[in-house]
Amino acid sequence: MTQSKAMVTIDFWNTLVKAETGGGARREMRINALREVADRYDKELSPEDIDEAKKLASEEFDEIWFNEQRTPTSTELVRTILSHLDLSTTDREKEYLVEQFEESLWVGPPQLADDAGQVISELASRYAIGLISDTMYSPGRVLRKYLEKRGLIDYFDGFVFSDETGYSKPNPKAFSQLLEQSGSSPEYSWHIGDLLMTDIKGAKQSGMNAILFSEFSSPDLHKDVTEEPDHICRSWLEIQKILC
């Protein structure tokens with residue numbers, strides 16, 4: 001593990017990658033998997049039924065994410081969807097659905113943010129680098145493989161995925177774990193993320209400097225958050241100018 005007084009931690013969705021790219025293909029794979037299982041029981045699922053079930057799962061996710069500082073697993077979310085659809089399945093079928101939901105990233109992999117790879121390569125020569133991701137349907141094992149396929153994984157000194165740790169941003173543990181592992185001091189370290197309520201709030205409360213990445217998200221999403229970023233950047237090249 002790299003020993004350094006300074007670390008840069010990076011959010012995944014809408015910071016390292018643009019979340020919406022490939023999203024349609026990922027959703028279609030999940031829906032097809034649900035219909036495949038439903039067909040075994042001669043149960044027809046309307047688009048409205050599926051949309052409502054997915055909406056309930058998303059609302060459950062947000063409720064737990066923001067109030068309990070953890071993220072429900074794919075297994076929990078699939079269970080919610082099946083319950084709303086009144087679809088009883090075997091354990092093996094549930095496992096199949098969870099696998100399809102989690103592996104759906106590969107039919108619609110998200111696009112890397114412009115210049116992110118280049119800038120991270122330069123940052124890695126100056127700082128310890130960590131990734132902190134609050135996960136939903138794509139768990140840590142899938143996101144690690146994504147980074148490996150993009151040739152980025154070796155730049156990272158540590159990872160915090162909420163499905164693996166059991167806690168999510170803004171919980172200070174999400175930040176302190178990587179700082180302690182790398183021997184870094186929070187006052188010299190930076191976190192880059194797109195959400196005020198999780199990324200910026202958690203980083204600032206952990207004593208870190210924070211950059212709000214706004215290329216894909218509006219900085220007005222959570223106006224009630226009192227913590228403010230040190231910088232707001234619309235591109236990775238802007239981040240490069242600040243940190244390099």
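At what angle do helix α1 and α2 pack? The angle is about 115 degrees, and the axes of α1 (residues 23-39) and α2 lie 12 Å apart. Before going further, note that this is a predicted model, in which local features need pLDDT of at least 70, side-chain atom pairs count only at pLDDT 80 or more, and totals for chains, interfaces and linings use all residues. Residues are numbered from 1 along each chain as its sequence is written, and side-chain values use heavy atoms, with hydrogens and water left out.

**How the helices pack**

- Two packed helices are described by the angle between their axes and the distance between the axes.
- Axes are lines fitted to C-alpha atoms, for helices over the stretch in contact, and angles run from 0 to 180 degrees between N-to-C directions.
- Helices (H or I, at least four residues) and strands (E, at least two) are DSSP runs, numbered from the N terminus.
- The packing angle of α1 and α2 is about 115 degrees, so α1 is roughly perpendicular to α2 (65 to 115 degrees counts as roughly perpendicular; under 35 is roughly parallel, over 145 roughly antiparallel, and the rest oblique).
- Arg27, Ile31 and Arg35 of α1 meet Pro47, Ile50 and Lys54 of α2 in this contact (contact means heavy atoms within 4.5 Å).
- Helix α2 (residues 47-68) also packs with helix α3 (residues 74-84): their axes come within 9 Å and cross at roughly 140 degrees, which means that α2 is oblique to α3.
- On the α2 side, the residues making the contact include Leu56 and Phe61, and on the α3 side they include Leu77 and Ile81.

**The nonpolar cores**

- A nonpolar core is a set of buried Ala, Val, Leu, Ile, Met, Phe, Trp, Tyr and Cys residues joined through side-chain atoms within 4.5 Å.
- Buried means under 20% relative accessible area, exposed over 50%, and partly exposed in between (1.4 Å probe, protein chains only).
- The largest nonpolar core has 32 residues, and Ile10 and Trp236 touch the most other members.
- Among the elements that each supply at least two residues of this core are β1 (7-10), α5 (116-123) and α10 (236-243).
- Leaving aside neighbours within four places in sequence, Trp236 is in contact with residues including Ile10, Leu16, Val119, Ile192 and Phe213.
- Another core, of 22 residues, lies apart from the largest one, and Phe61 and Leu77 are among its members.

**A buried loop residue**

- Phe12 is found in the loop between β1 and β2 (17-18).
- Is Phe12 buried or exposed? Phe12 counts as buried because its relative accessibility is 0%.
- Leaving aside neighbours within four places in sequence, the contacts of Phe12 include Val17, Leu131, Leu143 and Tyr146.
- Phe12 and Leu112 are 100 residues apart in sequence, and their C-alpha atoms are 9.7 Å apart in space.

**Backbone details in the loops**

- Gln69, in the loop between α2 and α3, has a positive phi of about 55 degrees although it is not a glycine.
- With 26% relative accessibility, Gln69 is partly exposed.
- Asp86 is not a glycine and has a positive phi of about 55 degrees; Asp86 lies in the loop between α3 and α4 (91-103).
- Asp86 is exposed, with a relative accessible area of 61%.
- Lys169 and Pro170 are joined by a cis peptide bond, with omega about 10 degrees, and Pro170 sits in the loop between α7 (162-165) and α8 (172-182).
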